[in-house]
Amino acid sequence: MSDELLPHGHPTRAPASQRGRTAEVLEHAKALGKQIEVTIDGRAITVPLGTTILESAQQLGIRIPTLCYHQDLCLAGVCRICVVEVEGQRALQASCSYPITAPIHVKTHTPAVRKARRHILDLMLANHYGECYTCNRNGNCELQSLAEEYGVDYFRFGRMEKPRYEIDLSSHALVRDMNKCVLCRRCVRTCIDLQEVGVLEAIDRGNRIKIATFGDKPLSDVVCINCGQCINRCPTGALRANDNTDEVWQAIDDPTKHVVIQTAPSPRAGIGECFGLPPGQPMTFRMNTALRYCGFDKVFDTNFAADLTIIEEGTELLLRLKAAMANDECRMMNDESALQHPERSQSQSIHNSSFINHNFPVPLPQFTSCSPGWVKFAEHFYPEYLDHVSTCKSPQQMFGALLKTFYAEKTGVNPRDIVTVALMPCSAKKFECNRPEMCASGYKDIDYGLTTRELAKMIREVGVDLPNMPKSDFDDPFGTATGSGVIFGVTGGVMESAIRTVFELVTGKKVENLFDHAEVVPVRGFEGIRYAELPIVEVGPVPAIISHLFKDWNWLKGATLKVAVAHGTANAKRVMEDIKAGGKFSECHFIEFMACPGGCLGGGGQPIPTSPEIRAARAKAIYDEDRSYTIRKSHENPALLQVYADFLTDGPCGHRSHKLLHTHYTPRGKYIA
Amino acid sequence: MLVTEQERLRDDLVKMTDRFGRDRSALMPILQELMRTRYHISEYSMQVIADLLDIHPVEVSSVVSFYSFLEDKQRGQFVIRLCRTIACDMSGEGNVARQLVNDLGIEFGGTTPDGKFTLGWANCLGMCDQGPAMLVNEKIYTQVTPEKVHSILEECRSTFGVHATVDKERC
């Protein structure tokens, strides 16, 4: 059973001795290809042996209510709301975890079933503290809609009069209110199985059971990476993002403050869902109008900073490669001379170290640093690899630093009065903007991070119907960015942008020669871990923008650039373990890591619910947007080149860029005191 | 050589994984062994176990919080659990309980200041025909009378049984 895989492609965490008895029948029977006929509510359907009742019912278009079931997660079967009647069986069965192994007759809505479901809901509500109208999930709560569906009109078993637990407000990113928890354990399965971070688990037993962190410590003290995947999967308001909208409104209403917002590509692909649109409707330019209507003084495109990131991170990669290459040569020379003249090797190495310190191996592969969830994951679980993580700040923070320096200078606004807001699909960005080191300009780079959901709430609050807003463009001096910036929102996007730029900078050829329409297909898709090789057959002249760093590219001629992409920290963990063991990925040069499944578009700040289909639709919207841009490569962004000409005059990875756009990391470790 | 308590604990746990394996299913035997030798499972040891078995610390603490016989707070060397079900109750469990409280000078749920005894309840030990029943660590006593309580406790106090031996080895 070692090859038994969960939907997201990795083995179950159950011990070998317990690994699903039912699942074994399931795999085996499906492999046999045996079909079985079942009758659900009088309608017959033929399904492969081992299909669950719930799946079969879904195929028939019969709705069975679920609560603990989630497409992205392994089965739990704990909430029992999906119970059905199986003819000939005494007890009701949970349809989500009942694999069909015999031609059974199922009834999904008999009086007994309806009564049982109603009772289950009544019992859940008896332990549920909090009023719906003060809940941030009001209108989008699975418990609320089930209560409505089953006509709950009074509290049969009473209700909580007082909160049982304190609300955990310790984290910048997440708020945990266990009074609203229904113990479905979706967050547990998200944290342990989907993301393999392991922050939340059920503690204690019986009526004392609750979902807690290790030692019931506050979230800010445990290994939480703030990815917010648990928020996206929580059926109630027990988990939510730390909402900063009040502060943002306050800043907007303050006439002395100049409030600017930057919008990331993923929220633009997702926000339509908050306004009743189907997933995958990009709202970019309509949202600009709505944001100005809300009162934001300027609306900028985070993609500008994404382009900046590509230039900085690409340059950093090239510098690392060059240093590694020089190291290799140095070492080879040393080895040879050591063999021939053992007595001379000492002086030789000292001589060489005067320009390159080869005692310190260059950390390769370089890891991306755009995903703050991944960065904190690395800080906790792989602190020894932190020097592999690119020193570049994430686009959000780079933009913040530029806004409070370059933009303030240019417009004459005192940076003290600039309030920078970032619209992100991400809860970890709220943590990131509060990192103490993120204030290179002397001010906090980004004052507030907003999630897609929070912005949708703000837009609704000013009475704007987003889908019917006129379109308008982004504000200058940063303008509309490139297609490369847009695809940052989807897994593989950073890698694709980097390949487009690095390839063109090095070879001087168009990347279209290698990939149709500059679409680097090998790094696209939703496969957990992807690997690609890019041969550099010939090299061109060094472009002006980095000519101060490189004399020529001859050292790269004939080299093969090896890259990999991983999304979801479970996959990141797999890649990291491979690197630790010296496997294939340790030979890579550049690896993109995204903490959330699907990349930013599946982030913890995106509209709820989430599923593989929704994420695929959002990805399509992002790739469509990329295709619609005329400029699709970061290094061709005219506004960006202007910034390098006017402000970052010492070029990529120069002194000023290092001060403003680069950062350092904190090894945190996984042990909690 | 100076060895910190944490280092020694880690060494012990590594030895236990050598003995019980590094699979997830080795978790229970390791926790039980830890209870036998150190009378509680500290947060630090949970994290070390998680590290060794490649699972998450929170999963270990979940297991520890689930079972009554696994504890994260320090308990005595001898845990006395008196059965409080109806059969034992009818055969005079009340007197035994009073004798225990008097003799040890602690209430149920407490631990003696010398860390020797912890007193608690059990819900049926399956000895309903021979009540009152009492469990001292892993040893069961049946038909306990207040007089027997005294001798059982004396026996514990004077015993350098498995626990004391372990202690000696450690010191």
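Mentor: The domain bounds used here are taken from an automatic or database domain assignment. The model is predicted: local features need pLDDT of at least 70, side-chain atom pairs count only at pLDDT 80 or more, and totals for chains, interfaces and linings use all residues. Residues are numbered from 1 along each chain as its sequence is written, chains are lettered from A and ligands numbered from 1 in the order in which they are written, and side-chain values use heavy atoms, with hydrogens and water left out.

Trainee: How is chain B divided, then?

Mentor: Chain B has domain 1 (5–66) and domain 2 (78–165). Their C-alpha centres are 28 Å apart.

Trainee: And which domains does chain A have?

Mentor: The assignment gives domain 1 (34–109), domain 2 (122–242) and domain 3 (248–304 + 392–661). Between the C-alpha centres of domain 1 and domain 2 of chain A there are 27 Å.

Trainee: How many residues are in contact between domain 1 and domain 2 of chain A?

Mentor: 16 residues of domain 1 are in contact with 17 of domain 2, contact being heavy atoms within 4.5 Å. The buried area is about 1,300 Å², 63% of it from carbon and sulfur atoms; this is the accessible area (1.4 Å probe) that two parts lose on being put together, summed over both.

Trainee: How many salt bridges cross that interface?

Mentor: Two, where a salt bridge requires a side-chain nitrogen of Lys or Arg within 4 Å of a carboxyl oxygen of Asp or Glu. A:R233 and A:D72 form a salt bridge with an N to O distance of 2.7 Å.

Trainee: What does A:R186 touch?

Mentor: Leaving out residues up to four places away in sequence, its contacts include A:Y69, A:E142 and A:R233. A polar atom of the A:R186 side chain is 3.1 Å from the backbone oxygen of A:Y69.

Trainee: Changing topic: how many residues of chain A are in contact with chain B?

Mentor: 25 residues of chain A are in contact with 20 of chain B. The two chains bury about 1,800 Å² between them, with 52% on carbon and sulfur atoms. There are two salt bridges between the chains; A:K217 pairs with B:E43 in a salt bridge, with the closest N and O atoms 2.9 Å apart.

Trainee: Is A:D153 buried or exposed?

Mentor: A:D153 is exposed, because its relative accessibility is 62%, whereas A:R118 is buried at 15%.

Trainee: Which residues does A:K633 pair with in a salt bridge?

Mentor: A:K633 and A:E512 form a salt bridge (2.8 Å, N to O). These residues are 121 residues apart; A:K633 is buried at 4%, and A:E512 is partly exposed at 33%.

Technical notes:
A polar contact is a pair of N or O atoms within 3.5 Å; within protein, one must be able to donate a hydrogen and the other to accept it, and residues adjacent in sequence count only if both atoms are side-chain atoms. Buried means under 20% relative accessible area, exposed over 50%, partly exposed in between (1.4 Å probe, protein chains only). Helices (H or I, at least four residues) and strands (E, at least two) are DSSP runs, numbered from the N terminus.
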